[in-house]
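Thanks for coming. I will go through salt bridges, the contact between the chains, backbone geometry and aromatic rings, in that order.

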Amino acid sequence: MDAEVELLPALPPPGPLLAKALVPSLDRGPTRVPTRTVLVTGVAQDRARLADYDRVCGFALRDRVPPTWLHVLTFGLHVHLLSGAGSTIRLAGAVHVTNRMRLHRPVDAGEILDVSVRVENLRPHKRGALLDMVGEVRVADELVWDGVSTYLAAGAKVPGTPEAVPREEFVPTPPIAIWRLPGNLGRDYRRVSEDPNPIHTSRIAARAVGFARPIAHGMWTHARLLAALDSRLPGAYVVEASFARPLLLPATVGAWWRPEPDGGWRAAVTTADGAKPYLVTRVS
Amino acid sequence: MPLPRSAVVVGGNRTPFAKAGGAYAAASNLDLLTAALDGLVARFGLAGRELDEVAAGAVLKHTRDFNLTREAVLSSALAPTTPAVDLQQACGTGLEAVVYIANKIALGQAEVGIGGGVDSASDAPIAVSEGLRRALLAANRAKTLPRRLQALAGIRPSHLAPVAPQVVEPRTGLSMGEHQARTGAAWGISRAAQDELAAVSHHNLAAAWSSGFFDDLVTPYLGVARDTILRPDTSVEKLAALKPVFGDTMTAGNSTALTDGAAAVLLAEQGWAEANGLPALARVVDAQVAAVDHPGGDDLLLAPAHAVARLLARQGMALGDFELYELHEAFASTVLATLKAWESAEFCSTRLGLSTPLGPIDTDRLNITGSSLATGHPFAATGARIVATAAKLLHERGGGARGLVSVCAAGGQGVVAILEAV
């Protein structure tokens with residue numbers, strides 16, 4: 001890494017930062033994002049919070065942590081990078097459109113982690129700009145997890161030819177499972193993810209951005225789907241996810257998963273009839 | 001009567017046992033049992049394999065866990081087509097589950113399976129009071145709003161207190177400790193003897209941990225690598241300082257503590273184990289259950305004394321024929337009263353119908369790697385913990401070495417089994 005590295009003493013709680021990130025940037029200049037990497041070293045995982053996270057997302061309580069948990073650990077750094085003066089894009093207004101994680105090996109809840117996030121690949125989109133939040137988790141010097149969260153910042157202006165968001169292929173499929181998601185799901189996931197964005201918990205906040213009801217956290221839906229596959233997943237894999245449409249709470253949704261010839265999986269969370277996807281994933 | 005086929009213990013795995021409310025406070029029975037199964041699967045390379053059956057159970061069980069073992073199989077790395085059954089015989093559950101699988105193997109109904117058990121005293125179910133439950137059910141049945149309101153109006157403030165599970169015998173209202181205090185007094189079990197047994201249990205378990213004995217029997221879980229109730233530095237003097245909690249002699253030190261944990265034993269037909277490159281530690285020779293009439297005044301926890309007598313008679317064996325004795329330490333007093341009962345000419349004559357007492361055992365062969373006082377006692381897991389330990393110890397002693405396993409259980413029941421080294 002030759003770019004600038006900002007070393008933080010601890011993972012910042014996203015809450016106060018997000019409040020700041022809700023305030024639009026007054027910078028009227030061209031769209032800018034930070035070029036530095038933020039890094040926190042020596043992160044001990046909170047087993048009590050992990051247990052709560054596992055419960056809320058449907059994972060069994062294991063020593064090996066879910067990759068989505070490692071994503072949650074990076075989330076405060078996402079907000080940190082996109083709330084400061086170096087960024088004209090605010091995370092609170094951006095939409096998480098795709099996510100890609102690679103678990104390089106099983107990660108134990110007792111391992112001490114170095115967690116970093118940087119912004120990459122700011123590029124034009126017909127509705128604004130796309131950018132990648134690239135997270136990395138290391139144990140000593142070994143890269144054990146990396147994740148790319150792609151956000152769409154509506155209204156941002158970046159020169160060039162607009163790019164489309166690559167979508168995971170979706171074919172309407174009868175669901176294997178029907179999940180009833182309660183109205184308080186957003187509050188439960190807020191507690192374990194520390195993502196306080198009120199569009200997940202407040203009807204008023206959700207209406208302000210055009211949703212009739214609070215919407216589920218995309219990374220909850222992602223985690224819940226991985227939890228359904230949990231015991232069938234290997235110790236190392238890549239999982240790619242497309243967030244197809246907002247999931248308004250409470251809801252009854254469908255879910256399915258099927259093995260691929262290459263040993264991977266395709267899986268989705270859909271409307272209860274299986275016709276439309278909320279989340280489409282591929283594990284390889 | 002020879003069994004048609006030999007069921008052997010291939011090996012075992014358990015979580016370290018932890019004091020209730022400690023490191024496993026957030027773990028459910030399902031989490032714990034899954035962890036024990038996955039450790040066993042990892043140890044013997046069974047990932048993705050379909051076994052013939054997994055039998056396990058829990059004593060403190062949520063209603064949502066009606067299919068606990070099957071759900072644990074689905075959460076584990078075993079093939080999802082592995083069937084499972086929930087068994088429950090109070091503290092005898094783990095041993096009964098092992099016997100169930102061994103019997104199926106012996107009869108040719110299975111080649112390979114797992115017997116085990118789990119309990120979480122931390123994540124115990126809390127029920128609503130009987131008054132509230134009845135009112136809610138009546139309201140649910142009511143077809144009209146006024147009738148529903150009428151039903152709900154029957155709820156009294158006193159109904160709202162939650163009801164925690166109790167280890168109380170329904171027919172006597174006595175806790176297990178209170179029952180054992182009566183038994184201990186009747187048999188003249190001294191405080192000093194109980195504290196001595198408890199100290200030995202801790203010292204034996206500590207020595208076994210130090211020697212690496214549990215390295216292939218236990219898989220760390222949630223950051224816990226050793227049993228947390230174990231006090232290697234405890235002593236008769238320290239134990240003597242504790243205040244009695246049941247009767248005059250039973251203390252927190254010579255009674256088992258509330259514990260969270262899970263244990264599982266892999267069993268297979270002997271030839272199947274060989275063909276699959278798996279070890280065979282010990283054969284399950286025979287097993288017996290018995291019950292006593294505790295509402296009629298019998299000693300609640302002495303049913304294993306009866307079961308052992310019947311088992312020995314059927315096998316044509318004597319109590320002295322064993323290299324090892326694994327007697328579950330529900331309370332130090334229970335073990336000591338059981339030993340006294342076997343030595344008592346009167347008890348063996350009037351209660352067991354024997355012309356001579358079963359006799360004393362060599363206590364140097366008793367619980368030589370510690371038992372429940374030091375390890376802890378997650379009720380349904382204990383039997384599987386003991387079988388795995390006994391099978392390994394017998395195997396170390398060489399072919400033909402025999403061990404007697406005995407577990408007492410609530411309801412005045414006992415489960416016992418004989419293992420023989422392969």
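R100(A), E168(A), E240(A) and R282(A) are linked in a network of salt bridges, where a salt bridge is a side-chain nitrogen of Lys or Arg within 4 Å of a carboxyl oxygen of Asp or Glu. Before going further: this is a predicted model, in which local features need pLDDT of at least 70, side-chain atom pairs count only at pLDDT 80 or more, and totals for chains, interfaces and linings use all residues. Residues are numbered from 1 along each chain as its sequence is written, chains are lettered from A and ligands numbered from 1 in the order in which they are written, and side-chain values use heavy atoms, with hydrogens and water left out.

One of its salt bridges joins R100(A) to E240(A), with the closest N and O atoms 3.9 Å apart. R100(A) is in strand β3 (residues 95–103) of chain A and E240(A) in strand β8 of chain A, so this pair ties together parts that are 140 residues apart in sequence. R100(A) counts as partly exposed at 32% relative accessibility, while E240(A) is buried at 18%. For those words, buried means under 20% relative accessible area, exposed over 50%, and partly exposed in between, with a 1.4 Å probe and protein chains only.

Over all chains, the structure holds 34 salt bridges. Among them is R62(A) with D230(A), whose closest N and O atoms are 2.9 Å apart. R62(A) sits in the loop between α2 (47–57) and α3 (67–81) of chain A, and D230(A) in the loop between α6 (218–229) and β8 (237–243) of chain A, so the pair ties together parts 168 residues apart in sequence. R62(A) is buried, with a relative accessible area of 17%.

In chain B, E420(B) forms a salt bridge with R283(B), the closest N and O atoms being 3.0 Å apart. Here the pair bridges two strands, β12 (residues 413–421) for E420(B) and β9 (residues 282–291) for R283(B), so parts of chain B that are 137 residues apart in sequence are tied together. E420(B) is buried at 17% relative accessible area, and R283(B) is partly exposed at 23%.

Next, the interface. What does each chain put into the contact? Chain A gives 9 residues and chain B gives 15 residues, contact meaning heavy atoms within 4.5 Å. About 890 Å² is buried between chain A and chain B, 43% of it on carbon and sulfur atoms; buried area is the accessible area (1.4 Å probe) that two parts lose on being put together, summed over both. The rule finds 2 salt bridges across this interface. One of the salt bridges in the structure runs between the chains, from D31(B) to R55(A), with the closest N and O atoms 3.1 Å apart. By class, the side of chain A that touches chain B has 3 nonpolar, 1 polar and 5 charged residues. In that scheme Ala, Val, Leu, Ile, Met, Phe, Trp, Tyr, Cys and Pro are nonpolar, Asp, Glu, Lys and Arg are charged, and the others, Gly among them, are polar.

Now the backbone. Most residues other than glycine have a negative phi, and most peptide bonds are trans. The bond from L249(A) to P250(A) is cis, with omega near -10°, and P250(A) is in the loop between β8 and β9 (251–259) of chain A. In chain B, L222(B) has a positive phi, near 50°. L222(B) is in the loop between α7 (191–210) and α8 (236–240), and is buried at 11% relative accessibility. N367(B) also has a positive phi, near 45°; its place is the loop between α12 (345–350) and α13 (372–375) of chain B, and N367(B) is buried at 3%.

Last, the rings. There are 11 aromatic pairs over all chains, where rings of Phe, Tyr and Trp (its six-membered ring) pair if their centres lie within 6.5 Å, and planes under 30 degrees apart count as stacked, over 60 as edge-to-face and the rest as tilted. Y53(A) and Y189(A) have ring centres 6.3 Å apart and planes at 50°, so that pair is tilted. Y53(A) lies in helix α2 and Y189(A) in helix α4 (residues 185–193) of chain A, 136 residues apart. Both are buried. Y53(A), F59(A), W69(A) and Y189(A) form one aromatic cluster.

Technical notes
Helix = DSSP H or I, 4+ residues; strand = E, 2+ residues; numbered from the N terminus.
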